[in-house]
Amino acid sequence: GNPFQAITAPLALVLQPPAAPARSGLTCDPAALIAQCEEELALEEKLFTHAREVIKQAQTLRSRAVSRMHRGDLPGAAELVQKLRELPGPEQILAEATPDQRLRLYGVSGLGSLTEQRVSVEGLYSFVTTGKLTVAEAKPMVPELQCAEDERWLLGLLMAADDLRPYAVNRAQVLDLHSLQHCLKVAQCLEEALLQFDLRNSDLRRRSDGLKYVVKKFEELVYEVTMGLQRDGKFDEVAA
């Protein structure tokens, strides 16, 4: 019999031109949409300006606080550290923004640097007052900022380690071997801790690679001070 007898196919349909859009189906008022966009842009501009102002204040406070710590003026540094703590953080600055706006403004305004500056100052202040390069755990962040803030926290800790170099040079000038050995130990511990992370090729990876130069600087200072103490016959007295 005919092999195609049991096969049925629909009749070919004649193609029709696409229908014109029905404007009556639009539920959004164009004027209202424009007004909403303008309102969002005005909010973003306000938050961006506020963020830049806070960052500028933090940069000034950090510079002055680190300088005072290097000079040994701990009471003056403590006052500046407290002022830095009182500045609003990224989550407070972007509280009015939507999740998408927060992530975008966090990047374009440079708010991540605010966290770096805070952590670096807290870390250095902790070291000169307690001997530990530690920073209190950051407050919980909204999900869209948490990952970025974690990375900035580590960058701030690396910045604090780098700020130890002028401090170590000052201690070397007075042959303070114990302080130099402690600086070296702290930098080595931080270097070993960062080796546990599988860091991608980023600013964090480059900055963590730079920590080895901080360690090398401390090793050189320890060696030079040790030689100076041995030359003056004071090494046994200091090492005791």
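Across the protein chain, pLDDT averages 85, and 84% of the residues score at least 70. Do keep in mind as you look around that this is a predicted model.

Let's start with a single residue. Ser109 sits in helix α4, which covers residues 99-109. Is its side of the story a buried or an exposed one? Ser109 has a relative accessible area of 1%, and because buried means under 20%, Ser109 counts as buried. Leaving aside residues up to four places away in sequence, the residues that Ser109 touches are Phe48, Ala51, Arg52 and Ile55.

Now move along to a pair of helices. Helix α6 runs over residues 143-173 and helix α7 over residues 177-194. The two pack at an angle of about 160°, and their axes are 10 Å apart. Angles over 145 degrees count as roughly antiparallel, so α6 and α7 are roughly antiparallel to each other. Their crossing is left-handed.

Which residues bring these two helices together? From α6 come Leu154, Leu157, Leu158, Ala161, Tyr167, Ala168, Arg171 and Ala172. On the α7 side, they meet Ser179, Leu180, Cys183, Leu190 and Leu194. Sorted by class, this contact has 11 nonpolar residues, along with 1 polar and 1 charged.

Conventions. Residues are numbered from 1 along each chain as its sequence is written. This is a predicted model: local features need pLDDT of at least 70, side-chain atom pairs count only at pLDDT 80 or more; totals for chains, interfaces and linings use all residues. Side-chain values use heavy atoms; hydrogens and water are left out. Helices (H or I, at least four residues) and strands (E, at least two) are DSSP runs, numbered from the N terminus. Buried means under 20% relative accessible area, exposed over 50%, partly exposed in between (1.4 Å probe, protein chains only). Contact means heavy atoms within 4.5 Å. Axes are lines fitted to C-alpha atoms, for helices over the stretch in contact, and angles run from 0 to 180 degrees between N-to-C directions. Angles under 35 degrees count as roughly parallel, over 145 as roughly antiparallel, 65 to 115 as roughly perpendicular and the rest as oblique. A crossing is left-handed if the near helix is turned anticlockwise from the far one by less than a right angle, and right-handed if clockwise. Ala, Val, Leu, Ile, Met, Phe, Trp, Tyr, Cys and Pro count as nonpolar, Asp, Glu, Lys and Arg as charged, and the others, Gly among them, as polar. pLDDT is the predictor's confidence in each residue, from 0 to 100.
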